[in-house]
Every structure is written in structure tokens, then in C-alpha cells.
Amino acid sequence: MSASSRYVGLAGYTHDRPPQAAVLLVNLGTPEAPTAAALRPYLAEFLSDPRVIEYPRWLWRAILHGVILRLRPRRSAHAYARIWTPQGSPLRTGSEALAKALGAELAQRRPGPLRVALAMRYGTPSVRETVIRLQQEGVRRLLVLPLYPQYSATSTGSALDAVADTVKALRWPPELRVVNDYHDHPGYIAALAAGVEAHWALHGRGERLLLSFHGIPRRYVRAGDPYYCQCQATARLLTEKLGLPRERVIVAFQSRVGRERWLEPYTDATVKALPAQGVKSLDVLCPGFAVDCLETLEEIAMQNREEFLTAGGERFHYIPALNDTPPHVRALAELALTHMQGWPEAAPGYDHAAAAARQIEAKRRAEAAGHDAA
Ligand SMILES: C=CC1=C(C)c2cc3[nH]c(cc4nc(cc5[nH]c(cc1n2)c(C)c5CCC(=O)O)C(CCC(=O)O)=C4C)c(C)c3C=C
Ligand SMILES: [Fe+2]
Ligand SMILES: [Fe+2]
């Protein structure tokens, strides 16, 4: 049987594999190396995404290729070089560790039929290659879980675009479900609180807790993006969970790119202004980043730290992202299982061996009847 050129499909595979469900974690993606040569294709893909940059296409193409891709790769490569490890980019290794830990957690709760895969929105492994591989391995039900607790069209929306584009190319797409956001999930809030409390137990408390979220242009929020509200809700729930008075907690937005107004207050300006207001000791948490990356390790823990100390601050502590810590893994497992309710593979007590045996029997009968794989 020859494959169609238009749609991706695999003849006969449903007979050969026991049915499976999978959780597809999607993170942003990261360059292959901390070099300008590796940054250029990464930034070109990222910044050509119409979900990320909502400008007229012709105008943006001119700015992107005329200015940004000439200057930014070298600057960004320098920043990446400061956080790169022998194993590679922290975003990649952290996301892989999280996927592995979630796989182990789900395997313990539902032995057999649940798998976890990781894809990147930009760069590799792409959403497309990962979904096709899962399908080839027998996955018929797919839960898409973008690693962005707060929904934004620029992050979550774009990850869903990549899934939709992939599904469009499949002859027989898997059954799909999607986690839109988990900004108020009790397990996520509890995991954040546990991380802060563990940090305090080791290092003591700062005078303020700064919650820094990745920024987006204000224009997008005005147009209906719920991101700002979800960040504020996460901050409020975390503040309550920690039992902190509101005045102790500051919400700010980091990583602005370009000249237009983004969500305010800006993290860097806030950090620089605090010492003059009498705040000399600061804890910073970035609740919107599931794993540590350039934006937390370099921008916050290096750049903003230096800025705070230069401005007269005395103690600056960055509290790590949730990464593959057990409370985070448990929260994501609960989130995933809630979203997979009704799928037989996710039901407690599902008998994977029996399902596989049924599959083999179906294949035997199909072959005996002479209608296997046409
Ligand atoms: C220019 C527009 C950008 C928007 C809008 C934006 C939103 C956004 N980003 C994240 C998460 C991450 N962004 C990261 C890096 C990064 N972000 C932008 C630009 C926008 N992001 C750029 C150009 C870069 C690359 C680095 C640089 O050149 O500065 C990362 C880290 C990636 C890594 O490799 O470590 C993450 C994570 C979210 C959640 C978001 C909207 C809510
Ligand atoms: Fe970003
Ligand atoms: Fe940045």
C-alpha cells in the first residue's frame, strides 16, 4: 500500500499496537547552541509567528530581516552563553527532566497505557514530528498540555496552532484534548507555595516577594488576551496560600522586546526602584515559567540581581522554577488525569495487558477473514 502524498497515515498500524493515550507537553523551544549562527534560525522562526508579533506582515518582515535578525542573534547568543551547561540549554534539559518525571508519575498511577512526550513550539523536537511519531507508536488519544500556566495567545495559542497545523496533515488524527491554562489549579498553587516555603526555610525571608511574569504587549490584552488577569489571579492565590499580607507581594512583567508598551510595571524598573523605597532584601519568583530558562536564569538571576545590588539593594534571592520537583510533577499528573477523564486508558484499574490481548485477537481474526490492510 502506498502512502498518499497529501495526508500522513500508516496502513494497518491499529492492528499492531495496543491502544495508548499520551500527554504531549509543549514548551517554547530554545536554540541548538549559544551562538549567533544558531540563534538566527531560532529567532527567525519565533519572531515570524503571527501570534507573537501582530503587525502587518509586510512591515514586520522588513523590520525582522532588515534590523532584528542582523542585531539580536549576537546579543542573545551572549546571554545564552552565560547559562548554557555541558548538557545544553536549561530550557531543554529542564523540560526533558520534567517530561521524564511526569511519565514515571503517570506510569505509577496508571500502569501501561499512558505516555508522556515533549515537543517544542520552535526548533526541535517539533510538534509535528512528535505527534506523527506518537501516532506511529499507537497513540489514539492525545492530551495537549502546553507548559504555560497562564494562557496567552502568544504562547499557548501558538502551541495550539502548531497542533492544529499537524492534525490537518494527518489522515486519521488522534482524539484530541487540550489544557488551555492551569493558572488557578490548586496543585500548581500548592507547588509554588511549597517552593517558596522551602526557600525561606533555607535562606530566610526577604522584605518583599516579587512575582515576575513574562510580559506581552498591552495591546494584546486590550484585544481580549486573558493573560494579565490570569497572572494576577495566580499572584492572589499564591499570596493567600502563603498567608502573606498583600503589601509584601509585588507583581511585575519582564522580558520586554521592542518599543511599544508592554504589561506594567516592568520587572527591571521595579527592581531598580526598590532600594530607594527602603527595600534592601528581595525574593523573586517567576510563576509563569514551568522550568528555568534564559528569562529566569540570565535576565532575573543575573541581570536584575546586578541591577538591584547596584541600586543599593543588599540581598537578592531568585527562587527556582518548579522544574521536576515532586509537587510540580504531582500537580501536572493530577491536571492531566482530570483532563483525560472518560478515556479508558486513563481510568483507574484499566487492564492494559487485556487490551493488548484483545488487539492481537482482532488482528488474528482480521487476517483469518482476509481483510487485513486491504
Ligand atoms: C517579541 C515578542 C515576544 C512575546 C510576545 C513573548 C511572549 C512570551 N514568551 C514566553 C516564554 C519564553 N520566552 C523566551 C524567550 C524569548 N521571548 C522572546 C520574545 C517574546 N516572547 C524572545 C525574542 C526570546 C528569545 C531570547 C531573546 O532573544 O531574548 C523563553 C526562554 C527560551 C529559552 O531558550 O530559554 C521563554 C520560556 C511566554 C510565556 C510568553 C507569553 C506569555
Ligand atoms: Fe518570550
Ligand atoms: Fe529576555
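The model is predicted.

Now look at where they meet. Here 25 residues of domain 1 are in contact with 24 residues of domain 2. On the domain 1 side, four helices each supply at least two residues: H3 (57-83), H4 (90-109), H6 (153-168) and H12 (326-339). Helix H12 gives the most to this side, with six residues. By residue type, the side of domain 1 that touches domain 2 has 14 nonpolar, six polar and five charged residues.

Next, go inside. The largest nonpolar core has 92 residues. Val23, Leu24, Leu25, Leu102 and Ala336 touch the most other members. Helix H12 gives the most to this core, with seven residues. Domain 1 and domain 2 both give residues to the core, so it lies between them.

Pick out Ala336. Leave aside residues up to four places away in sequence, and Ala336 touches Val23, Leu106, Leu143 and Leu145. Val23, like Ala336, is among the core residues that touch the most other members.

Finally, turn to helix H13 (residues 352-369). Helix H13 has 18 residues and reaches 26 Å from its first C-alpha to its last. That is close to the 26 Å expected at 1.5 Å a residue. Is H13 buried or in the open? Of its 18 residues, the number buried is zero, so H13 lies largely in the open. After H13 comes Gly370, with a positive phi near 75°.

Definitions and conventions: Residues are numbered from 1 along each chain as its sequence is written. Chains are lettered from A and ligands numbered from 1 in the order in which they are written. This is a predicted model: local features need pLDDT of at least 70, side-chain atom pairs count only at pLDDT 80 or more; totals for chains, interfaces and linings use all residues. Two residues are in contact if their C-beta atoms, placed from the backbone, lie within 7 Å. Ala, Val, Leu, Ile, Met, Phe, Trp, Tyr, Cys and Pro count as nonpolar, Asp, Glu, Lys and Arg as charged, and the others, Gly among them, as polar. The expected span of a helix is 1.5 Å times one less than its number of residues. A residue is buried if 20 or more other C-beta atoms lie within 10 Å of its own, exposed if 12 or fewer, and partly exposed in between; C-beta atoms are placed from the backbone. A nonpolar core is a set of buried Ala, Val, Leu, Ile, Met, Phe, Trp, Tyr and Cys residues joined through C-beta atoms within 7 Å. Domain bounds come from an automatic or database domain assignment.
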